[in-house]
Amino acid sequence: TCPYLAVCPAPLKFFLRAMKQSAMKWLLLASFAFASAEHEHVELHGSGTTNPSKFFWEIMSLFEARAKPTVVMTYRAVGSSTGQLEFIGADQGYEPYNDFGSGDIPIGATDYAELTDAGITVMHVPFSLGAMSFFHNVPNVPSAGLKLNACVLAQIFNRDITTWDDAAILELNPTLSVPAGQPILVYHRVFGSSTTAGITTYLNAACPNEWPEDQVGSTVDWAEGTFEAQGSGGMSAAISGEEYTIGYIDSGHGHDDGLSEISLANSDGTFQTSTEAVERGGVQKAAEEALLEGVLPDDPTADFSAVSLHNMPGQYTWPIVAISYIYLRGDQSSTNYAGALLKAFVEYAISDEGQGLLGAYNFEAVPNAVRDVALQAVSLLELAPGAPEWSFESADATQGGAGQLDFVISGKRRAHDEYAIGELEDEKADLSALVA
């Protein structure tokens, strides 16, 4: 009966004003409680490829130790395909299951088009490079190593070449001594594998006559007489477990397990191992060439589905290079504080400090020109209105007062586990120096 406060009788007017003030007070308290809850901890969750998972976990552990307010961050290592599925969220109206995805393969053209048609800006953030290679267990190989090119490898995996004393192998390795008619035991990955996609793409690019396009993919129909290996661990065990075997695996994993790498010919005809290529800058060179030739887009919002860092030109370029991406959605305006934390996470991953962590996991940093593409993606993120911008305080430069404010990731804060591991690494280095 009193729709407007100005025309109400005085007693009722005072009552309604008190009620209004009380309601506003509770609304402010509720807003403060919400903001406080947001400040209590911020969560970020991702999923995808297993290859850089340890790199992600290290960064997340550092953030959880260094951040104020508290952050909770997780990453599920489920493979590139599952990471894309959960990032795209096609089965729930293109609502993602996570805050970001990651993969060693770009999002496919069809998925990219459907996301774009749905008004979703998708971005690829290239953040690491990894070499893939072929490994063997042939005893008594000459010190120069075992040399093979793409066409001979294609014939081996197609079972057109079945013995180690085949003329094509001996032509490349004239001093190789193996028993007459010694069979080649060929192992390949089962299920979807980004490594399988990498090596089959290389074989097709470098020798299409022997390895046609219909044999390219994360799963292919292998020739009869080949053997299955499940996962990188299964491949490594298969190669090391029996003499005269051959298989493929990411190079860092293979060398960590003590496997013998094949010296591979690149597009310029240079024979080298991935270790030699890394020392010569050959892995990063593949990414630089791809960017120069337009194979790798310089716009992070573009369609990356055709990107391939295989058989790129250059004297010392490694011919089988995987590039790993973080998948981002440009619009983070509905993610509250998670979008701001995501931005800080990606910024750190592509920073000098973050890129410096990759070597411990047998990956290579992206070259500066490629990092510029990643930085562009960060700059295009649209955060929620009023969302904070995280800043960083380095371990070497104290920011008095400012370093203790909210939304600062401070290198001056450390978890005891990180400290203890650092002490052990220092002691290990000292002992290694004494032994040497």
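User: Which residues in H2 meet which residues in H12?

Analyst: This is a predicted model, in which local features need pLDDT of at least 70 and side-chain atom pairs count only at pLDDT 80 or more, while totals for chains, interfaces and linings use all residues. Residues are numbered from 1 along each chain as its sequence is written, and side-chain values use heavy atoms, with hydrogens and water left out. Contact means heavy atoms within 4.5 Å; here Phe55, Phe56, Ile59, Met60, Leu62, Phe63 and Arg66 in H2 meet Leu341, Ala344, Phe345, Tyr348 and Ala349 in H12. By class, this contact has 11 nonpolar, no polar and 1 charged residues, where Ala, Val, Leu, Ile, Met, Phe, Trp, Tyr, Cys and Pro count as nonpolar, Asp, Glu, Lys and Arg as charged, and the others, Gly among them, as polar.

User: How are the axes of H2 and H12 set at their crossing?

Analyst: Axes are lines fitted to C-alpha atoms, for helices over the stretch in contact, with angles from 0 to 180 degrees between N-to-C directions. The axes of H2 (residues 53-66) and H12 (residues 337-349) come within 11 Å and cross at roughly 120°.

User: What volume has the largest pocket, and which residues are closest to its centre?

Analyst: Rolling a probe the size of a water molecule over the atoms shows where empty space is left. The largest pocket has a volume of about 1000 Å³, and of its 46 lining residues the closest to the centre are Thr49, Asn51, Asp104, Ser194 and Thr195. H7 gives the most to this lining, with 5 residues, and by class the lining has 17 nonpolar, 24 polar and 5 charged residues.

Notes. Helix = DSSP H or I, 4+ residues; strand = E, 2+ residues; numbered from the N terminus. 1 Å grid on protein atoms, 1.4 Å probe; cavity = no way out; pocket = protein on both sides within 12 Å on 5 of 7 lines; lining within 4 Å. Points joined across faces, edges and corners; volume = space filled by probe spheres on them.
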